[in-house]
Amino acid sequence: MPGKDYYNILGVSKSASPEEIKKAYRKLALKYHPDHNKGNNSAEAMFKDLNEAYAVLRDPEKKKQYDMFGAEGFHNRFTQEDIFKGFDLGSIFREFGFGGSGRGQNPFSQMYGGMGGFGQGGQGFQGHGQGTKGQNLVYELPMTLEELCKPTNKTIAYQIDGRQEKVSVKVPAGIKAGQKLRLQGKGQPGLFGGPPGDLYVQIKELAHPVFTRENADLYINRKIMFSEAALGTEIEVPTIEQKVLKLKIPPGTQDNAKFRLKGYGMPRNNGSGKGNAYVEINIEVPKKLTKKQKSLMESLKEVGL
């Protein structure tokens with residue numbers, strides 16, 4: 001929720017130490033947990049807010065981002081999945097010394113009763129007797145621009161509890177770097193019979209030796225000689241689909257001039273066609289001239305070129 005003040009929720013100052021934050025959370029979690037507030041919806045909402053606040057403020061990197069961007073800016077940048085990533089609530093409560101004692105009992109379902117799951121993070125309570133949802137996993141998948149310009153099937157392998165798992169993932173054309181594909185139920189197994197977490201496949205776009213990408217548009221640099229810029233020429237330009245186009249460079253072309261190749265960019269995410277390719281022209285100035293070239297350049301200088 002934008003504008004949520006985590007410090008206010010836990011009742012601590014921004015300068016509070018990790019131990020003070022932990023102590024405040026422990027005290028309030030005991031006060032608001034559902035066993036002490038059965039049927040109290042406001043207490044349940046407060047309990048969820050407490051867990052969210054602690055998930056951020058106990059993590060040095062998340063806390064740094066929260067302090068830097070402020071409450072609203074942080075929530076514009078971080079999803080619930082990001083906030084609860086790595087937040088093992090079961091482990092935290094075991095650390096505090098809470099839990100059931102009877103054989104076969106689920107200490108967490110006892111403590112939280114029939115409360116529904118909170119957030120979308122790695123650890124959420126799924127209700128009485130259903131245990132704790134398994135942790136979500138994130139797999140970084142490197143891909144080239146050539147692969148990203150068309151629908152692609154990838155088989156990935158990752159580790160869960162020391163064993164290797166393999167799964168096939170369909171990568172849609174035009175997906176951007178950093179975007180995630182969710183594979184439901186492919187994460188860590190749940191605790192106490194809870195459902196497994198999800199696997200998020202995050203796209204890592206590999207640097208390309210020729211093209212630079214900006215959203216659905218591609219950029220390419222081409223060098224030409226001064227004489228070609230002045231008189232005009234025709235050059236060959238590659239495309240991401242591995243075609244070769246001929247591009248006419250008109251006389252008088254200036255350095256850093258851009259030429260558009262309509263529809264030769266990347267597919268757009270929303271399915272509305274393709275972006276464009278842009279060819280940027282750089283006029284190459286030789287670092288060293290032959291005697292003949294120097295003589296010709298001096299002659300050009302004399303006539304105003």
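**Helix packing, cores and a buried asparagine**

In this predicted model, helix α2 passes helix α3 in a left-handed crossing.

Q: What makes α2 and α3 roughly antiparallel to each other?
A: Helix α2 (residues 18–32) and helix α3 (residues 41–57) pack at an angle of about 160°, with their axes 9 Å apart. Angles over 145 degrees count as roughly antiparallel, and α2 and α3 are therefore described in this way.

Q: Which residues make the contact between α2 and α3?
A: Helix α2 contributes Ile21, Lys22, Tyr25, Leu28, Ala29 and Tyr32, while α3 contributes Ala43, Met46, Phe47, Leu50, Asn51, Tyr54 and Leu57.

Q: Why is Asn282 called buried?
A: The term requires a relative accessible area under 20%. Asn282 has a value of 18% and is therefore buried.

Q: Where is Asn282 placed, and which residues does Asn282 touch?
A: Asn282 belongs to strand β11, which covers residues 277–284. Not counting residues up to four places away in sequence, Asn282 touches Asn221, Arg222, Lys223, Ile224, Asp255 and Asn256. From Asn282 to Ala229 the C-alpha to C-alpha distance is 9.3 Å, although the two are 53 residues apart in sequence.

Q: Which residues have the most contacts inside the largest nonpolar core?
A: They are Leu141, Val171, Leu199, Val201 and Leu247, in a core of 35 residues. A second, separate core has 25 residues, including Phe47, Leu50, Val56 and Ile92.

Q: With which residues is Leu247 in contact, leaving aside neighbours within four places in sequence?
A: Leu247 is in contact with Thr233, Glu234, Ile235, Val237, Phe259, Leu261 and Val279.

Definitions and conventions
Residues are numbered from 1 along each chain as its sequence is written. This is a predicted model: local features need pLDDT of at least 70, side-chain atom pairs count only at pLDDT 80 or more; totals for chains, interfaces and linings use all residues. Side-chain values use heavy atoms; hydrogens and water are left out. A nonpolar core is a set of buried Ala, Val, Leu, Ile, Met, Phe, Trp, Tyr and Cys residues joined through side-chain atoms within 4.5 Å. Buried means under 20% relative accessible area, exposed over 50%, partly exposed in between (1.4 Å probe, protein chains only). Contact means heavy atoms within 4.5 Å. Helices (H or I, at least four residues) and strands (E, at least two) are DSSP runs, numbered from the N terminus. Axes are lines fitted to C-alpha atoms, for helices over the stretch in contact, and angles run from 0 to 180 degrees between N-to-C directions. Angles under 35 degrees count as roughly parallel, over 145 as roughly antiparallel, 65 to 115 as roughly perpendicular and the rest as oblique. A crossing is left-handed if the near helix is turned anticlockwise from the far one by less than a right angle, and right-handed if clockwise.
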